[in-house]
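These are my notebook entries on one protein model. I put down what I looked up, in the order I looked it up.

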Amino acid sequence: MLPLFVVDPALFDHAGPARRAFLLSCLEQLNRDLDGKLVLRFGQPVREVPKLAEEIGARSVFVTADATPNGVRRDEVVATALAQAGRQLVQVGSCYLNPPGSIRTGSGGRYKVFTPYWNVASTLPVSPPLGRSQGTWSTAHSSVALDEVARRPLAVHPVVDLVEPQAPPMLPDGGEAAAHQRLQRFLGVVDAYDEQRDLPADDATSRLSVDLHFGTLHPRQIVYAIGQGTSGRRAFLRQLGWRDFYADVLSANPTSAWNDLHPLGIDHDDDHEAHQRFVAWATGMTGFPLVDAGMRQLLAEGFMHNRVRMIAASFLVKDLHLPWQWGAHWFLHHLVDGDLASNSHGWQWVAGVGTDASPYFRVFNPTLQAKRFDPNSAYVQRWIPELVGLNPKAKSFSGTLFDEVQRRSIYPEPIVDHAREREEAIRRLTRANASVKEGAHQ
Ligand SMILES: Cc1cc2nc3c(=O)[nH]c(=O)nc-3n(C[C@H](O)[C@H](O)[C@H](O)COP(=O)(O)OP(=O)(O)OC[C@H]3O[C@@H](n4cnc5c(N)ncnc54)[C@H](O)[C@@H]3O)c2cc1C
């Protein structure tokens with residue numbers, strides 16, 4: 001067997017600094033784990049895979065099945081190219097507990113809401129994790145150098161040309177061994193997960209999203225390590241179900257990657273002032289501490305706590321009246337766990353155009369959310385040095401965006417009046433809802 005990883009410019013060139021750096025550190029570690037036998041190629045998979053297969057006279061190429069719209073298309077063309085030379089592409093397994101498309105409603109359709117999906121998914125058996133492959137690795141073939149790949153220029157953000165920070169300085173370690181260490185740490189706190197998972201100041205969640213995204217852990221390895229023993233463990237498994245569910249929704253509705261799953265035609269702002277509001281949001285300068293703390297955590301760590309993701313996303317859509325896609329692009333670019341299905345559908349859930357059953361009147365109040373979920377301001381003070389007081393846990397920042405923040409060193413006044421913008425959001429949503437209903441009756 002010959003282990004091959006093809007870095008596809010179509011993906012790599014659009015990934016932000018965090019995901020690039022993490023991927024490269026995983027590849028470096030994987031190569032070490034394989035005694036230097038990993039073959040790394042850079043280019044279009046449709047060329048690189050058949051080329052190497054030809055070089056070594058391979059009969060079959062094995063990959064994990066991909067369910068994303070791009071991944072499906074890519075694997076189809078690779079399979080065709082291999083077939084033309086008498087070779088086969090064999091898709092094995094998936095990186096989900098239940099592969100997209102495998103869970104169906106009674107009438108054979110796809111689920112559109114999480115709870116009924118989970119009622120079925122949670123009853124299905126999970127097959128045990130496989131051990132390591134016992135095959136023999138072929139001797140090494142020529143590879144492209146990792147640092148050559150790392151030098152590829154970063155793509156410009158499609159909404160606003162903000163100066164990029166350097167790769168986040170506080171990325172987790174890449175590779176399988178580090179992933180297992182994260183899992184071990186989490187096993188020590190998982191029983192309190194149901195009570196503490198919404199408190200961003202506590203280290204109460206698993207931080208395994210990055211490993212699930214890059215495949216340094218398979219979800220079934222996590223399921224077998226966690227078990228069902230306590231309410232904390234069951235609550236955690238339910239969250240894992242959201243990952244499968246969103247992948248399923250995206251595979252059933254490929255255009256929902258960047259378009260509303262349930263189009264409402266909500267009015268958004270996109271004038272010059274809207275762009276300025278976006279910059280304030282993206283750089284953590286809205287004057288709403290919990291939103292700003294989250295946005296700064298994102299830039300500094302390539303991560304944001306789930307509750308804060310929801311609050312920051314709601315703020316962009318319902319307080320600033322900007323399209324969810326602007327925020328989703330920014331998240332996807334900066335998150336180290338950036339994942340098309342979870343990100344786009346997480347955003348649409350918040351925006352009220354996705355899989356939520358009755359969402360449109362829900363507008364998070366960032367001040368009340370802060371009182372409830374960050375009552376001692378420990379999270380806010382960790383990420384906003386201007387508000388630090390004397391918090392010994394305060395982190396230091398680096399990167400160009402933060403230079404501006406620190407130079408000003410004055411925390412801004414709130415850029416909007418939440419109560420007024422909440423009413424405006426509901427007005428816009430009601431109007432959009434009414435015209436959708438009217439259209440349906442015509
Ligand atoms: C606007 C928005 C954008 C998001 N973007 C992403 C993204 O790009 N990539 C990503 O992996 N998650 C995304 N999420 C989901 C969630 O915020 C993260 O999975 C979670 O914060 C990761 O931290 P954790 O591993 O400690 O989570 P834990 O609480 O430990 O959860 C365990 C695992 O369950 C899965 N999970 C948990 N919550 C969700 C959820 N709401 N949706 C889907 N999967 C979930 C993740 O794989 C996670 O690692 C987004 C959520 C929102 C609201």
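Which residues come nearest to the ligand? I found T205, S206, S209, N343 and G346, out of 27 residues around the ligand. A residue counts as near a molecule if its C-beta atom, placed from the backbone, lies within 6 Å of it.

Before going on, I noted that this is a predicted model, in which local features need pLDDT of at least 70 and side-chain atom pairs count only at pLDDT 80 or more, while totals for chains, interfaces and linings use all residues. Residues are numbered from 1 along each chain as its sequence is written.

**Entry: the shell around the ligand.** I sorted its residues into 11 nonpolar, 10 polar and six charged. Here Ala, Val, Leu, Ile, Met, Phe, Trp, Tyr, Cys and Pro are nonpolar, Asp, Glu, Lys and Arg are charged, and the others, Gly among them, are polar. At least two shell residues come from each of α9 (209-214), α11 (231-252), α14 (306-319) and α16 (340-351). Helices (H or I, at least four residues) and strands (E, at least two) are DSSP runs, numbered from the N terminus.

**Entry: the domains.** I read off domain 1 (1-94), domain 2 (95-130 + 175-252) and domain 3 (254-441); such bounds come from an automatic or database domain assignment. Why does the ligand shell lie between domain 2 and domain 3? It lies there because both domains give residues to it.

The C-alpha centres of domain 2 and domain 3 are 25 Å apart. I then looked up the contacts: 16 residues of domain 2 touch 20 residues of domain 3, a contact being two C-beta atoms, placed from the backbone, within 7 Å. On the side of domain 2 that touches domain 3, α11 supplies the largest share, five residues. That side of domain 2 divides into 10 nonpolar, three polar and three charged residues.

**Entry: Y96.** I located Y96 in the loop between β4 (88-94) and α5 (114-121). Is Y96 buried or exposed? Y96 is buried, because it has 24 C-beta neighbours inside 10 Å; the cut-offs are 20 or more for buried, 12 or fewer for exposed, and partly exposed in between, with C-beta atoms placed from the backbone. Leaving out residues up to four places away in sequence, Y96 touches P219, D244 and A247. Its C-alpha atom is 9.9 Å from that of A65, 31 residues away along the chain.

**Entry: the strands.** I followed A65 and found it opposite S94 in β4. β3 (residues 60-65) and β4 pair in the parallel sense over six bridges, where pairing needs at least two DSSP bridges.
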